[in-house]
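Q: I have this model open and would like to go through it piece by piece. Could you take my questions as they come?

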Amino acid sequence: MAEKTDDLAIALFGELFMADQLARNRISKVLPKGMEISHFGVLNHLARLNEERTPAQLARSFHVTRGAMTNTLTKLEWAGHVHIRPDWDDARRKFVAISPAGRSARDAAVQAIAPLIGEVVQSLGADRVRAVLPVLREMRTKLEGED
């Protein structure tokens, strides 16, 4: 019985990994020039929250190291997509906010990505996508809890 469960788990994760790789590849090709998926992810996150976050909070949200997040934030700041300011109460910390240019870049990326992912949803069928979302969310929640 455990062997059948293991085979199912391997098949599931194999499909998830391949779908992730293919989706990232296709999305990378349509993002605005110079934007990487990691940049879009941070801009999208900040745009949705509409409030400042520390680099450490962002690193935790994306499950990356602080160094990796600092690298991404440095590139975004250089492009003018985020503002990074010191914490006035604790000079060791910083706060990150999306800039108007960053919001525009994020919106342009959404415009570029939307037809691509909309096409996938349409070909699979909206009802089938809605049906699988709760399972994927629960899987993500379980995996997040194991960190």
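Q: Let's start with helix 4: which of its residues are buried?
A: This is a predicted model, and in it Met69, Thr72, Leu73 and Leu76 of helix 4 are buried.

Q: And where do those sit around the axis of helix 4?
A: They cover an arc of only 100° around the axis, and therefore they lie on the same side of helix 4. As a general point, an α-helix has 3.6 residues a turn, so residues three or four places apart point the same way.

Q: What covers them?
A: The cover over the buried residues of helix 4 includes helix 2 and helix 3 (55-62), and also strand 1 (82-86) and strand 2 (94-98).

Q: How does helix 2 pack on helix 4, angle and distance?
A: Helix 2, residues 37-49, and helix 4, residues 66-78, pack at an angle of about 85°, and their axes are 10 Å apart. With that angle falling between 65 and 115 degrees, helix 2 counts as roughly perpendicular to helix 4.

Q: How far does helix 4 reach, end to end?
A: Helix 4 has 13 residues and reaches 18 Å from its first C-alpha to its last, which is close to the 18 Å expected at 1.5 Å a residue. Just after helix 4 comes Gly80, and this glycine takes a positive phi of about 85°.

Q: Which residues have a positive phi although they are not glycines?
A: Asn50 is one of them, with a phi of about 60°, and His63 is another, with a phi of about 55°. Asn50 is found in the loop between helix 2 and helix 3, whereas His63 belongs to the loop between helix 3 and helix 4.

Q: How exposed are Asn50 and His63?
A: Asn50 is exposed, with a relative accessible area of 57%, and His63 is partly exposed, with a relative accessible area of 47%.

Q: Changing topic, how do helix 1 and helix 6 cross?
A: The axes of helix 1 and helix 6 (residues 126-145) come within 14 Å and cross at roughly 100°, so helix 1 is roughly perpendicular to helix 6. The contact involves Leu12, Phe13 and Leu16 of helix 1, together with Leu136, Met139 and Leu143 of helix 6. In this contact of helix 1 with helix 6, the residues divide into 6 nonpolar, no polar and no charged.

Q: Last one: what does the whole chain look like?
A: The chain has 6 helices and 2 strands, and along the sequence they follow the pattern α-α-α-α-β-β-α-α. Its C-alpha trace spans about 60 × 35 × 25 Å along the principal axes, and 25% of the 147 residues count as buried. Among contacts between residues at least 6 apart in sequence, 54% join residues at least 24 apart.

Key
Residues are numbered from 1 along each chain as its sequence is written. This is a predicted model: local features need pLDDT of at least 70, side-chain atom pairs count only at pLDDT 80 or more; totals for chains, interfaces and linings use all residues. Side-chain values use heavy atoms; hydrogens and water are left out. Axes are lines fitted to C-alpha atoms, for helices over the stretch in contact, and angles run from 0 to 180 degrees between N-to-C directions. Helices (H or I, at least four residues) and strands (E, at least two) are DSSP runs, numbered from the N terminus. Angles under 35 degrees count as roughly parallel, over 145 as roughly antiparallel, 65 to 115 as roughly perpendicular and the rest as oblique. The expected span of a helix is 1.5 Å times one less than its number of residues. Buried means under 20% relative accessible area, exposed over 50%, partly exposed in between (1.4 Å probe, protein chains only). The arc is that of the directions from the helix axis to the C-beta atoms. Contact means heavy atoms within 4.5 Å. Ala, Val, Leu, Ile, Met, Phe, Trp, Tyr, Cys and Pro count as nonpolar, Asp, Glu, Lys and Arg as charged, and the others, Gly among them, as polar.
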